[in-house]
Amino acid sequence: MKIGTDGVLLGAWTNVDFEPQSILDIGAGTGVLSLMLAQRCDAPTIDALEIDENAYEQCVENFEASPWGDRLYCYHAGLDEFVDEVDEVYDLIISNPPFYSETVSSGNTSRDLARQNDTLPFTELVESVSKLLSDRGTFSVIIPYKETEEFIALANTSGLYVWRICSVRGHSDAPLKRSLIEFSRTKADAIVETLTIEKERHEYTEAYVALTKDFYLKM
């Protein structure tokens with residue numbers, strides 16, 4: 001699968017200054033988020049979870065080929081199965097979950113599965129995160145902007161509260177498209193940001209370059 005802007009945004013934006021000791025990447029795909037976090041921090045445990053067999057196999061290959069292979073591990077399982085079997089909690093949970101509730105068909109079954117949130121409903125994601133997150137932990141996610149209020153309300157019912165939120169648009173005249181949100185177990189006044197990706201086609205804003213330059217050779 002291609003590396004999408006959403007994943008790069010989330011991996012670069014997520015806070016690791018609090019030095020998490022354990023990280024879980026839910027719906028890891030080919031492992032991009034886990035690899036970005038391994039590059040950005042020294043967490044000794046970075047676990048990834050991926051249900052699609054082809055993506056899982058590529059994720060394992062990517063982990064083994066990286067400089068951080070000794071800290072990275074991918075589980076081939078669904079989230080419900082993982083929650084039932086794992087006793088640990090994590091200081092940072094990150095997820096770029098499936099977005100599309102409507103049926104989509106690109107002709108590529110794996111790609112369609114990765115995009116449809118009936119394979120990982122937001123309700124299941126939030127409830128599972130609530131069980132797997134440590135007391136000091138944060139949960140970082142990227143979702144469609146139009147889903148923001150509903151997702152935050154859902155998280156609140158599981159004792160997760162917004163700590164940081166960043167609304168993202170493609171260019172200055174475009175509508176807001178995505179929300180990057182970090183949750184914690186503590187209620188606080190949220191840090192609110194907005195990010196514009198491009199000035200014009202393929203000309204990126206200074207803010208986007210500053211955020212992602214460590215991960216793009218072209219920057």
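Visitor: Is Cys41 buried or exposed?

Guide: Bearing in mind that this is a predicted model, Cys41 is buried, with a relative accessible area of 9%.

Visitor: And what about Cys59, buried or exposed?

Guide: Cys59 counts as buried, because its relative accessibility is 0%.

Visitor: How many disulfides does the structure hold?

Guide: The structure holds zero disulfides. Cys59 is in no disulfide, and the nearest cysteine sulfur, that of Cys74, is 3.7 Å away, whereas the cut-off for counting a pair of cysteine sulfur atoms as a disulfide is 2.5 Å.

Visitor: Let's zoom out. What does the secondary structure of the chain come to?

Guide: The chain has eight helices and nine strands. Of its 219 residues, 49% are buried, and the chain exposes about 11,200 Å², with carbon and sulfur atoms supplying 46% of that area.

Visitor: Of the contacts between residues at least 6 apart in sequence, what share joins residues at least 24 apart?

Guide: That share is 71%.

Visitor: Now the strands. In which sense do strand 6 and strand 7 pair?

Guide: Strand 6, residues 161-171, and strand 7, residues 176-184, pair in the antiparallel sense over eight bridges, and the two form a hairpin with four residues between them. One of the bridges joins Cys166 to its partner Leu180 in strand 7.

Visitor: And how does strand 6 pair with strand 8?

Guide: Strand 6 pairs with strand 8, residues 191-200, in the parallel sense, over seven bridges. Here Ser167 has Thr194 in strand 8 as its bridge partner.

Visitor: Which side chain meets Arg164 in a salt bridge at 4.0 Å?

Guide: That is the side chain of Glu193, with the 4.0 Å taken from N to O.

Visitor: Which residues are linked with Arg164 in a network of salt bridges?

Guide: Arg164 is linked with Glu182 and Glu193 in that network. The place of Glu182 is in strand 7, and Glu182 counts as buried because its relative accessibility is 0%.

Visitor: What does Glu182 touch, leaving out residues up to four places away in sequence?

Guide: Its contacts include Trp13, Thr14 and Asn15, along with Phe139, Ser140, Tyr161 and Arg164. With Asn15 there is also a polar contact, in which the backbone nitrogen of Asn15 lies 2.6 Å from a polar atom of the Glu182 side chain.

Visitor: How many salt bridges does the count come to?

Guide: The count comes to seven salt bridges. Among them are two that involve Lys199, one with Glu203 at 3.9 Å from N to O and one with Glu206, where the closest N and O atoms are 3.0 Å apart.

Visitor: Is Lys199 buried, exposed or partly exposed?

Guide: Lys199 is partly exposed, with a relative accessible area of 42%. Glu203 is likewise partly exposed, at 33%, and Glu206 is exposed, at 56%.

Terms used. Residues are numbered from 1 along each chain as its sequence is written. This is a predicted model: local features need pLDDT of at least 70, side-chain atom pairs count only at pLDDT 80 or more; totals for chains, interfaces and linings use all residues. Side-chain values use heavy atoms; hydrogens and water are left out. Two strands pair if DSSP finds at least two bridges between them. Buried means under 20% relative accessible area, exposed over 50%, partly exposed in between (1.4 Å probe, protein chains only). Contact means heavy atoms within 4.5 Å. Accessible areas come from the Shrake-Rupley method with a 1.4 Å probe; for residues, only the protein chains shown count as cover. A polar contact is a pair of N or O atoms within 3.5 Å; within protein, one must be able to donate a hydrogen and the other to accept it, and residues adjacent in sequence count only if both atoms are side-chain atoms.
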